[in-house]
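Dear colleague,

Please find below the structure that I am handing over to you, with its sequence. My notes on what was found in it follow directly after.

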Amino acid sequence: MTAHSLKTKYTLTALAFGIVFALLLAAALIYQYRGEMLRLSFASLTTLEERLEANLRENANETAVQFAERVSEPLAERDLQTVQRFAAEILDRPDVESVEVTDATGTVVFAQSDSAPLAGSAVPPAPFEISAVVHTAPDARQPNVKLGVVTLKLSRAQDAQTLANLTQDLKHTRQDSFSSLAFTALLVCLLLIFASLVVAWFMARRVERPISALIKNADRIGQGDYTRPFGVVRKDELGELQEALERMRQKLRQTTITKNYLNIVLNSMNDAVLVTSPDGTIKGVNEAARKLLGYSEEEILGKSILHVIAESEQANFAIDQAAQETRETVVTTRSGQTIPVSFSGSQITTEDPQFQGNIFVARNITDRKRAERRIRYLARYDALTKVPNRMQFQHLLQQSIARSRRQDRVTALLYIDMDRFKEVNDTFGHDSGDRVLEVLTERLTRTLPKETVLGRLAGDEFALFLEGLPTDADNRGPIAHLARQLLAEVGKAFYVETQEVFLTASVGVALCPQDAENVIDLIRNADAAMYYSKQNGGNSFAFYSPEMNAAAVERLMLKSKLRRALEREELVLVYQPKVDLKDGTIVGAEALLRWRLPGHGDIPPSQFIPLAEENNLILDIGEWVLNRVCSDYRQWQRQIANPGRVSINLSLRQLRQTTFITRFKSVFAHHEVSPTCFELEITETTLMADIKRTVKLLDELYAMGLHLSIDDFGTGYSSLSALQQFPIGTLKIDQSFVRNAAVDASDATIVKTIIDMGRSLNMEVVAEGVESEQQLTFLRAHRCSFGQGRLFGDAMTPQDLLGLLLEQRTGQKRLEKLFA
């Protein structure tokens, strides 16, 4: 029942009830009124009739007595004429209908009647008869004597007319009163009907709201929504119904899984779900299926499952088989697009035929397929340079070697490694380094012949091979020409962050089958030849020779033994004195690290520091150096108040440590030495690696009291404007410029410019690698502040340096002759 029909029913019922009640009330009122009016009319008429009859009787009696008195004397005298005359007078009265006079003997003396009826009377009523005895005149001497009897018949017509008029008046009065009563009753009935309608409407409305709420809640329950409880607010039967429905809702929520709930679950799935009949007709789909296929529910329901399977897959698609396995297939969308999916099917097991069928779950695997292709690509090709990676390159090289064997040909492998490429990454960042590698790959690809295969084996290591070279010819010439072309391409300027950067490379060449007969040995030998080129200064190429393996083996051996160097105390510190070029006074020293490997002698840092950075041992080594320098300095201070300033080399990896500042502070505090006694030497590439962070760190170091210097100045990529950001106090001229400064005008100009620039910036300038008096004279002539090099003595132990300082304190100067 709807709310509208409920209101209608209540209203009609109230209307019918009001009408019936009003009719009954009106009928009762009218019936009662009519009865009362009739009784009142009857009583009124009866009373009036009785009163009229009494009056008539009284008048008749009085008239008869009077007439008897009048005719007593004439009758006694037997004067009949007089009697008649008196009788005629009486008869003339309108109410006297007849007069009869008898004497004492009963003889009628006079008798006459008026037979004319009263006007307006249809049937005259029966006359009223009264008699009076005629006596003689009273006398005291004799008693009254009866003379006769007078009989009068009085007409009731006038009384009847009066009653008739009264009756008519009462009738009109009743009619007027009834009309008024009827109008009043009608008004009361209408008010009652209206009141009943209003009461019925409010009652229906009061009942409608909870019933409507019950209907909505029941509909929600019917749809499987059990989340919203019933609001039980009534205390009547509807309230009990609400409580019953609420109990039902709670039980259903706990125990029942409805179609709506299942729809919610299915539509919440990311995978497409298609429910079909046993023959494959689609009976239901979820939201994910509609989105995947592009069909609306009305468009896809009733179609065969084969309708969404791509034509190329339909031949191999059997519904019975697909409903029992998981497979990959391709579906076609409404727009014709094909999408790869993982298709999993299962049968609906039930005895009810209407529920039998299959459920297919389709998952879009486009991203997975794309990822698989990407993985397969990345497994074979380098993601950055888009050339074969090490695995694919080795696979292609293996195929080339096999073809060369069958054809009795030679395969040449060129191993390419960039020189000092790490400085590009450290200075400009890895993104810039990657861009350089991309540009390098493009250049090499353009230079190489089309049949040449280029691959990236590691970070900045590339390799390429040439196949089909003749066996009976000397292939070194064409290969050398190609190597020179490659070096020329590498040597062209690279533009990194609007700056020109010039790089070089080292190339190693190995031939198959002359140098090796398999992939592994061929790559190893070409790598050895490349390393030989790098050891000889780079920017060159070399053909493999068996002796080169010894160097490669030695490098690998050093790399493995370096891990134990700290534990075995094989690292030592030596100090290179720093001399004031004005008078030869030793004003400090530079701490230099050496690796004293048993059976190999002292290994310079240029050999093992790169290995330490590759193995990530540079952090431990750097901390060991700082502790040892502080310890030595503390020992010197026990004998000399001011041993001078000691320089310590700082690597980029140390600077990148988050605890770098804290470690330095703790070491100085532990050895009770002042940071002002030390100077940190930082290369230009280290400074430019991350300028904002580096400036902040160097400011903190400078605030601690540490002096800062730029090592190997002039060999990096920094600009003067960039260097001005750092709190630098010293410039160290690289020994490559000092070496020929006295004999080469270009180097002389560079050294002189650096000295003048340092002096103009109020910086100290230190020249490294001073090995001859000629160099010393040049530096002094251009007012260089300090110098280091073999001319002033080789690097020495802490004890030997202490001896020099003690001698200097007593006035003995070993270098006095150089500055005479």
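Arg-327 counts as buried, because its relative accessibility is 16% and the limit for that class is under 20%. Please note that this is a predicted model. The side chain of Arg-327 meets that of Glu-325 in a salt bridge, with a distance of 3.7 Å from N to O. Glu-325 is partly exposed, with a relative accessibility of 25%.

Ser-342 is buried, at 18% relative accessibility. Arg-363, in strand S9, stands opposite Ser-342.

Strand S8 (residues 338–348) pairs with strand S9 (residues 357–364) in the antiparallel sense, over 8 bridges. An open sheet of 5 strands, with antiparallel pairing, runs in the order S6-S5-S9-S8-S7. Its edges are strand S6 (282–285) and strand S7 (326–332), each of which pairs on one side only. From one strand to the next, the twist averages 35°. Helix H10 (residues 366–380) packs on this sheet and touches S7, S8 and S9; the direction of H10 makes about 125° with that of S8.

I turn next to the other salt bridges. The count for the model comes to 24. In general, side chains of opposite charge can pair when their charged atoms come close. One of the pairs is Glu-489 with Lys-492, whose side chains meet at 3.1 Å from N to O. Glu-489 is buried, with a relative accessible area of 14%, whereas Lys-492 is partly exposed, with 42%.

Another pair is Glu-679 with Arg-645, where the closest N and O atoms are 3.4 Å apart. This pair links distant parts of the chain: Glu-679 lies in strand S21 (residues 678–683) and Arg-645 in strand S20 (residues 645–649), 34 residues apart. Glu-679 counts as buried because its relative accessibility is 1%. Arg-645 counts as buried as well, with a relative accessibility of 18%. Glu-679 and Arg-645 belong to a network of salt bridges that also links Lys-578 and Glu-764.

How many of the residues of strand S17 are buried? The number is 10 of the 10, so strand S17 is largely enclosed by the rest of the structure. In a regular strand, the side chains alternate between the two faces of the sheet. In S17, Leu-571, Leu-573, Tyr-575, Pro-577 and Val-579 point one way, while Val-572, Val-574, Gln-576, Lys-578 and Asp-580 point the other way; all are buried.

S17 has antiparallel pairings with two strands. With strand S18 (residues 586–597) it pairs over 9 bridges, and Leu-573 stands opposite Leu-593 in S18. S17 and S18 form a hairpin with 5 residues between them, and Gly-584 in the turn has a positive phi of about 85°. With strand S25 (residues 786–787), S17 pairs over 2 bridges; here Val-579 stands opposite Gly-787.

A second hairpin joins S11 to S12 through 2 residues. Strand S11 (residues 453–458) and strand S12 (residues 461–469) pair in the antiparallel sense over 5 bridges, with Gly-455 opposite Ala-463 in S12.

Helix H12 (residues 421–428) is mostly covered, with 7 of its 8 residues buried. The buried residues of H12 are Phe-421, Glu-423, Val-424, Asn-425, Asp-426, Thr-427 and Phe-428. Gly-429 follows H12 and has a positive phi, near 100°.

Helix H1 (residues 3–77) contains Leu-23. Is Leu-23 buried or exposed? Leu-23 counts as exposed, because its relative accessibility is 56% and the limit for that class is over 50%. Together with Leu-12, Leu-15 and Ile-19, Leu-23 makes a nonpolar surface patch of about 350 Å². In an α-helix there are 3.6 residues a turn, so residues three or four places apart point the same way.

With kind regards

Methods: Residues numbered from 1 in each chain as written. Predicted model: local features only at pLDDT ≥ 70, side-chain atom pairs only at ≥ 80, totals over all residues. Heavy atoms only, no water. Patch = residues over 30% accessible without salt bridge, like charges linked within 9 Å, V, L, I, M, F, W, Y side chains within 5 Å. Areas by Shrake-Rupley, 256 points an atom, 1.4 Å probe, with all protein chains shown as cover. Salt bridge = Lys/Arg side-chain N within 4 Å of Asp/Glu carboxyl O. Helix = DSSP H or I, 4+ residues; strand = E, 2+ residues; numbered from the N terminus. Buried < 20%, exposed > 50% of the residue type's maximum accessible area, 1.4 Å probe, protein only. Pairing = 2+ DSSP bridges. Axes fitted to C-alpha atoms, helices over the stretch in contact; angles between N-to-C directions. Contact = heavy atoms within 4.5 Å.
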